[in-house]
Amino acid sequence: MRGLVTKSTGSWYWVESEGGRRIPCRIKGKFRTKGIKTTNPIAVGDWVNYEFEPDQDSAVITALEPRRNYIIRRSINLSRQSQIIGANLDQALLVVTLASPPTSLGFIDRFLVTAEAYDILAMLVFNKLDLFSEEGLDILEDYMSIYEGIGYPCYAVSGQQNINIDVLRNLLKDKVTLVSGHSGVGKSTLINTIEPSVNLKTGELSEWSDKGKHTTTFAEMIDLSFGGKLIDTPGIRELGVVDIEKEELSHFFPEMRARLNACRFHNCRHINEPGCVVIEAVESGEIQSSRYDSYLSIYHNQDTRN
Ligand SMILES: Nc1nc2c(ncn2[C@@H]2O[C@H](COP(=O)(O)OP(=O)(O)OP(=O)(O)O)[C@@H](O)[C@H]2O)c(=O)[nH]1
Ligand SMILES: [Mg+2]
Ligand SMILES: [Zn+2]
């Protein structure tokens, strides 16, 4: 029998049958040791085959269907292992806040590079619009113009105050969308507003600090009543970019990708080579220096904490 993984706790997987029934499933040991270097061999969004256990309401996952795509990140503390955040995605939505808690440009860029590398359409949602000061709105405008200039759709919303949510509904309709971002940025609140029937657990303002408190602990797929699915995920603190060769990194920056053939050297690293059109574009302001800084930071494998 075939089903879709809608939630995973690490030891149990909730699999939705083709008839729409949610079945608790386990996996057999062989899945864990098959040479897969991820902490989770099966992720939300995966299609699997399963068999019921004798005389039980639970089942065992027997096979994993090939993934159309997935988003993966390096795990915290287990530098050699990585974790699949979601599979078979149409698009990924990064929820960003400029304060409470702040999301850095470096973090945004790492996320966008990861999405490019796995060929998943990414968009940015700037949340908590209701909290923005005059000055905050200026910064928001700068950030949005950086990313819209490169071609990433940007939206400013308030999940809590229900501002600009209809625009999001249109984008999400009939798509499978991964919702990601730091803890505390309001992912679950946003999903609750988009789809009021779900009622996901969200952080209490009183017990919540600038680092977030990881209210959502497991990824979970939610059905949208107007068509489509959302995957709510636990907040990520740092995002290690995996599986990208240094020589290929610039291909995952669309504004660099558009210029690459024009560098004097075909193997230009865009660091200090003469005749490098990427460096020229940074100097002339056509490529944002924050984006180039992120390029260098990822290239040199620097800390991913922010
Ligand atoms: N002012 C304001 N607060 C918001 C908004 N959206 C969420 N919050 C608050 O931010 C806090 C965190 O919200 P959550 O939805 O739990 O955040 P999350 O991103 O799901 O966090 P994790 O599950 O820990 O990853 C809560 O106190 C929310 O009430 C918003 O648009 N405006
Ligand atoms: Mg949450
Ligand atoms: Zn170059």
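Asp90 is partly exposed, with a relative accessible area of 29%. This is a predicted model. Asp90 pairs with Arg68 in a salt bridge, and the structure holds 15 such bridges.

**Salt bridge Arg68–Asp90**

- The closest N and O atoms of Arg68 and Asp90 are 3.1 Å apart.
- This pair links distant parts of the chain, 22 residues apart.
- Arg68 sits in the loop between strand S5 (59–64) and strand S6 (70–74).
- Asp90 sits in the loop between strand S7 (82–87) and strand S8 (91–96).
- Arg68 is exposed, at 54% relative accessible area.
- Asp90, at 29%, falls in the partly exposed class, because that class lies between the 20% limit for buried and the 50% limit for exposed.

**Salt bridge Asp166–Arg169**

- Asp166 and Arg169 form a salt bridge, with 2.6 Å between the closest N and O atoms.
- Helix H4 (residues 165–172) holds both partners.
- Asp166 and Arg169 are three residues apart, about one turn of the helix.
- Asp166 is exposed, with a relative accessible area of 52%.

**Salt bridge Arg259–Glu286**

- The side chains of Arg259 and Glu286 meet at 3.1 Å, N to O.
- Arg259 lies in the loop between helix H6 (254–257) and helix H7 (277–283), and Glu286 in the loop between H7 and H8, so the bridge ties together parts 27 residues apart in sequence.
- Arg259 counts as partly exposed at 22% relative accessibility.
- Glu286 counts as exposed at 57%.

**Salt-bridge network**

- Arg2, Glu18 and Glu65 belong to one network, joined by salt bridges that share partners.
- Side chains of opposite charge can pair when their charged atoms come close.

- Ser188 lies in helix H5 (residues 187–194) and Thr216 in the loop between H5 and strand S12 (220–223), so the two tie together parts that are 28 residues apart in sequence.
- Ser188 and Thr216 are both buried.

**Zinc ion (ligand 3)**

- The protein donors of the zinc ion (ligand 3) are Cys263 (SG), Cys268 (SG), His270 (ND1) and Cys276 (SG).
- These donors lie 2.1 to 2.4 Å from the zinc ion (ligand 3).
- Along the chain, the donors follow the spacing C-x4-C-x1-H-x5-C.
- Cys268 and His270 are both buried.

**Ser294 in helix H8**

- Ser294 is placed in helix H8 (residues 289–299).
- Ser294 has a relative accessible area of 6% and is therefore buried.
- The side chain of Ser294 makes a polar contact with the side chain of Asp109, at 2.6 Å.
- Leaving aside residues up to four places away in sequence, Ser294 touches Leu105, Gly106, Asp109 and Phe253.

How values were computed:
Residues numbered from 1 in each chain as written. Chains lettered and ligands numbered in written order. Predicted model: local features only at pLDDT ≥ 70, side-chain atom pairs only at ≥ 80, totals over all residues. Heavy atoms only, no water. Helix = DSSP H or I, 4+ residues; strand = E, 2+ residues; numbered from the N terminus. Buried < 20%, exposed > 50% of the residue type's maximum accessible area, 1.4 Å probe, protein only. Polar contact = N/O pair within 3.5 Å; in protein donor to acceptor, adjacent residues only side chain to side chain. Contact = heavy atoms within 4.5 Å. Salt bridge = Lys/Arg side-chain N within 4 Å of Asp/Glu carboxyl O. Donors = N, O, S within 2.8 Å, 3.2 Å for Na, K, Ca; no water.
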